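Subject: Structure handover

Hi,

Here's the structure I promised to pass on to you. Have it open while you read, and my notes on it follow below.

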Amino acid sequence: MRSVIVLLLAFSMFLSGCQAPFSQKESKTTLSEREPVLFEPFSIPENFIPQRINVLGLGDSLTQGVGDERKEGGYFGRLTTDMEQWKGVLEVEAINLAKRGRRSDQLLQQLEDPNVQQAIIQADYIVFTIGGNDLMKVVKGSFMKMKLADFYKELGKFEVRIDELFEILRLYNPSAPIIVAGLYNPFSVLTDEVHEFDEIIEDWNHSLEERAQRDGTACFVRVEDLFHSNTNLVYHTDFFHPNSKGYDQMEERFVEEIKSCPAVTLEVE
């Protein structure tokens with residue numbers, strides 16, 4: 001029995017010897033003496049909380065989606081549907097006020113409507129196509145005796161109206177990104193010999209792009225190469241508007257440009 005007691009006493013002394021250094025070490029460092037932990041400053045990303053966004057479509061038949069046999073709303077319907085899957089987007093409210101045949105002067109008249117003005121105020125993104133019917137007005141007015149001078153005379157008027165269009169949009173909504181698509185040459189479906197018209201389209205597109213760049217919170221989407229001839233079967237049976245395949249490609253081009261547009265803060269999927 002005595003040997004057991006001695007053994008227990010020796011074992012307890014051994015444990016006390018092992019624990020002492022740790023308890024002494026801990027007692028030497030107080031809470032106030034410990035090195036503070038530094039946290040890097042951080043901010044909550046804009047897309048951390050999903051948001052409801054309003055997208056407004058303006059302009060002519062391309063934004064309306066004329067020719068889309070699948071009835072998916074043209075490029076605008078496809079784009080706003082895709083946006084619902086983008087990071088930070090909870091829901092998309094899409095308002096399409098575009099109308100077939102609308103020219104730039106008629107678009108300016110539409111912007112006088114208080115309901116349209118309210119839609120502009122509420123928009124988080126504004127998308128439009130315009131100019132094709134301005135060009136066709138020249139073609140229809142002097143089809144048998146068309147002159148280059150006629151198109152450039154109309155271009156001068158068109159530029160004044162586009163300047164006014166941007167001014168009005170910014171009056172009611174100073175910050176929403178504006179996404180504007182360029183024009184294409186529908187006559188390339190009929191013949192490859194209309195080189196002069198390609199040059200006209202290029203100059204009109206340059207004017208649109210220049211004004212988008214000047215705005216500072218807008219981006220320009222080129223589409224003329226998508227509809228040069230009908231080799232890829234992208235035209236509707238009227239040989240003027242895109243078909244569903246054409247609108248698919250047009251929407252893909254919009255997404256490409258939006259990804260690189262500094263004005264767009266959404267993370268495009």
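In which hand, left or right, does α7 pass α8 in their crossing? The crossing is right-handed; that word applies if the near helix is turned clockwise from the far one by less than a right angle, and left-handed applies if anticlockwise.

Before the rest, some housekeeping. This is a predicted model, where local features need pLDDT of at least 70 and side-chain atom pairs count only at pLDDT 80 or more, while totals for chains, interfaces and linings use all residues. Residues are numbered from 1 along each chain as its sequence is written, and side-chain values use heavy atoms, with hydrogens and water left out.

Helices (H or I, at least four residues) and strands (E, at least two) are DSSP runs, numbered from the N terminus.

**The sheet**

Let's start with the strands. There's an open sheet of five strands in the order β2-β1-β3-β4-β5, with parallel pairing. Two strands pair if DSSP finds at least two bridges between them. At the edges sit β2 (89-96) and β5 (218-221), each pairing on one side only. From one strand to the next, the twist averages 20°; angles here run from 0 to 180 degrees between N-to-C directions, and axes are lines fitted to C-alpha atoms, for helices over the stretch in contact.

Have a look at β1 (residues 51-59). Strand β1 pairs with β2 in the parallel sense over seven bridges, and with β3 over five bridges, again in the parallel sense. Arg52 has Glu91 as its bridge partner in β2.

**Helices on the sheet**

Next, see what lies across those strands. Helix α3 lies across β1, β2 and β3 (125-129), and runs at about 165° to β2. Helix α8 (residues 195-215) lies across β4 (178-181) and β5, at about 160° to β5.

**Helices on helices**

Two packed helices are described by the angle between their axes and the distance between the axes.

Back to α7 and α8: they pack at an angle of about 20°, with their axes 10 Å apart. Angles under 35 degrees count as roughly parallel, over 145 as roughly antiparallel, 65 to 115 as roughly perpendicular and the rest as oblique, so α7 and α8 are roughly parallel to each other. Their contact (heavy atoms within 4.5 Å) includes Phe151, Tyr152 and Leu155 in α7, and Phe197, Ile200 and Trp204 in α8. The residues of this contact divide into 12 nonpolar, one polar and 10 charged. For those classes, Ala, Val, Leu, Ile, Met, Phe, Trp, Tyr, Cys and Pro count as nonpolar, Asp, Glu, Lys and Arg as charged, and the others, Gly among them, as polar.

Helix α6 (residues 132-141) also meets α7: their axes come within 10 Å and cross at roughly 150°, so the two are roughly antiparallel. That crossing is right-handed. Asp134, Leu135, Val138 and Val139 in α6 meet Asp150, Phe151, Glu154, Phe158 and Arg161 in α7.

How do α3 (residues 74-83) and α9 (residues 244-259) cross? Their axes come within 8 Å and cross at roughly 50°, so these helices are oblique to each other. The contact is made by residues including Tyr75 and Leu79 of α3, and Tyr247 and Phe254 of α9. By class, it has seven nonpolar, two polar and four charged residues.

**A ring pair to find**

A search of the whole structure finds eight aromatic pairs. Rings of Phe, Tyr and Trp (its six-membered ring) pair if their centres lie within 6.5 Å; planes under 30 degrees apart count as stacked, over 60 as edge-to-face and the rest as tilted. One of them joins Phe151 and Phe197: an edge-to-face pair, 5.6 Å centre to centre, with 85° between the planes. This pair links distant parts of the chain, since Phe151 is in α7 (residues 148-172) and Phe197 is in α8, 46 residues apart.

Cheers
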